[in-house]
Structure formats: structure tokens, C-alpha cells
Amino acid sequence: MDRLRQRADFLAVANGARVNNPAFVLQSRRRDDGGPIRIGFTVSKKNGNAPERNRIRRRLRELVKRLDPVSMQPHHDYVLVGRRDALSRDFATMLDDLRIAFTRPARHTAKGPAKARGQRPDRATATSRKPD
């Protein structure tokens, strides 16, 4: 298992499937090459100061170390996006959540222009204003 390190790889995975949990969001994307499973970790500044973000990131890395790699799909990239609840949530519960996230069918997100998502462009930016 390798690590994701380049921004372009993180952005590519962000457009893939995702599974939400209280302590993290698991994003995944299938790759067309025959490379190993790659995983990345990210925690935004809204989750606290640097020591808190580092603690969240360390807890996420430890979760992945304790998880059986067989539960991950081959030729996939994964990103774990840490949330504030990862600081206070029980570690065993988080490990169970991660196992479930890897087995749960992921919700695919459609990002991009409204036309590409199959929506009418005039409805993509609907506002709650009343007509004049």
C-alpha cells in the first residue's frame, strides 16, 4: 500500500465516490493502471489548530494500519478526510466505521457543469428570489 502525496491525485479522488461518517469521509476512485492501493490523509484548518489536526491525522493513519488491506479494493486510490469528531470518538468505534465504509456501496458525487450532471442549466443555479 502506497501513500498519495501529489495534489493532483487528491483532486482526482475528490471527484470520485464518497462515504460519510461522523469522524471522517472516505473518498475513493478506481485507477486504470495496475498499481498498488494508494491512500492519502487530509485534515482542513477548520478542524482545529496544528496539534489537533496532526492528532486527527495520526489517528486516521493508525486506523488504516490496523485495517486488513484485503478489505480495500485493488487498483483504487483512497483519501480519508478527517473531521473534528475524530479527536473524541472511541478508536474501536472508528475502526468499525472504517471497515463498514470500505464495504458499503459508495455514493457517487457528480461534480462539474450542470450539463454534465444531466441537469437543466437554468435549474442548476436556482435561487429563492421571487420574480419581480
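A: His-75 counts as partly exposed because its relative accessibility is 27%; buried means under 20% relative accessible area, exposed over 50%, and partly exposed in between, with a 1.4 Å probe and protein chains only. This is a predicted model, in which local features need pLDDT of at least 70, side-chain atom pairs count only at pLDDT 80 or more, and totals for chains, interfaces and linings use all residues. Residues are numbered from 1 along each chain as its sequence is written, and side-chain values use heavy atoms, with hydrogens and water left out.

His-75 belongs to the loop between H2 and strand S5 (76–82); helices (H or I, at least four residues) and strands (E, at least two) are DSSP runs, numbered from the N terminus. The phi of His-75 is positive, near 60°, although this residue is not glycine. Most residues other than glycine have a negative phi.

Helix H2 spans residues 50–66 and includes Arg-61. With a relative accessibility of 31%, Arg-61 is also partly exposed.

Beyond its neighbours within four places in sequence, Arg-38 is in contact (heavy atoms within 4.5 Å) with Asp-2, Leu-4, Asp-9, Arg-31, His-76, Asp-77 and Tyr-78.
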